[in-house]
Amino acid sequence: KVRGKILLQVEAHGEAYYRSIHGHVLYNQRGHHQGVVVLVDDLSETELLRETLSRYLSPQVMTQVLSDKDLRSLRSARREVTVLFADIRDFTAFAERYQPEEVVEVLNEYFDLMVQVLFEHQGTLDKFLGDGLLALFGTPLEQADHPWRAVQAALDIQRAATALNTVRRHRG
């Protein structure tokens, strides 16, 4: 199967409509083309925003942001936040010893776990930085305890990385 996805914005009568088009090419067991399945989804602006925000915000924070009709929490505002950087120790040496496919596999497994931990503490993923990530606490929604959340997330990230290393060692 080969999969593709296209997102279209259609303007009609002064309103924006969003369509998500997914295509699936189907093959039989011998690898011969059998046909194509095309799915068209009608997306509201809220669903489109939800899909985008889900990459950066925990489900709880996303729900709060989406419930704000004016999305006031996403407007720029000056506030105190806590920034967390997390990366893999000695990653350059590791990356030089292994094949690119193995390095990408390790990064994907690491980032999946780290983002899960980050979201458990209601942190906001700002970006991936090579072998690291940059996260924010106290934004887009104010959190009075943002420094504590960041420290707890950092400790849990260390614990999760240690557990992941143990699993990877057992796998060889």
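I started with Asp145, which is partly exposed because its relative accessible area is 30%; on this scale buried is under 20%, exposed is over 50%, and partly exposed is in between (1.4 Å probe, protein chains only). Its side chain meets that of Arg149 in a salt bridge, 2.8 Å from N to O. The term needs a side-chain nitrogen of Lys or Arg within 4 Å of a carboxyl oxygen of Asp or Glu.

Before going on, I noted that this is a predicted model, with local features needing pLDDT of at least 70 and side-chain atom pairs pLDDT 80 or more, while totals for chains, interfaces and linings use all residues. Residues are numbered from 1 along each chain as its sequence is written, and side-chain values use heavy atoms, without hydrogens and water.

How many salt bridges does a search of the whole structure find? It finds five. I looked up Arg159 with Asp156, where the closest N and O atoms are 2.7 Å apart. Both residues lie in helix 5, three residues apart, about one turn of the helix; helices here are DSSP runs of H or I with at least four residues, strands are E runs of at least two, and both are numbered from the N terminus. Asp156 is partly exposed at 22% relative accessible area.

Next I checked Arg168 and Glu109, whose side chains form a salt bridge at 2.8 Å, N to O. Arg168 is in helix 5 and Glu109 in helix 4, so the pair ties together parts 59 residues apart in sequence. Both count as partly exposed, Arg168 at 26% relative accessibility and Glu109 at 24%. Arg171 joins these two in a network of salt bridges.

That sent me to the helices themselves. Helix 4 (residues 100–120) and helix 5 (residues 146–171) pack at about 145°, axes 10 Å apart. The axes are lines fitted to C-alpha atoms over the stretch in contact, and angles run from 0 to 180 degrees between N-to-C directions. Among the residues that meet are Tyr110, Leu113 and Val117 in helix 4 and Ile157, Ala160 and Leu164 in helix 5; contact means heavy atoms within 4.5 Å.

Last, I looked at Leu53 in helix 1 (residues 45–53). Is Leu53 buried or exposed? Leu53 is buried, with a relative accessible area of 11%. Leaving aside neighbours within four places in sequence, I found Leu53 in contact with Met62, Val65 and Leu66. Leu53 and Val65 are 12 residues apart in sequence and 9.2 Å apart in space, C-alpha to C-alpha.
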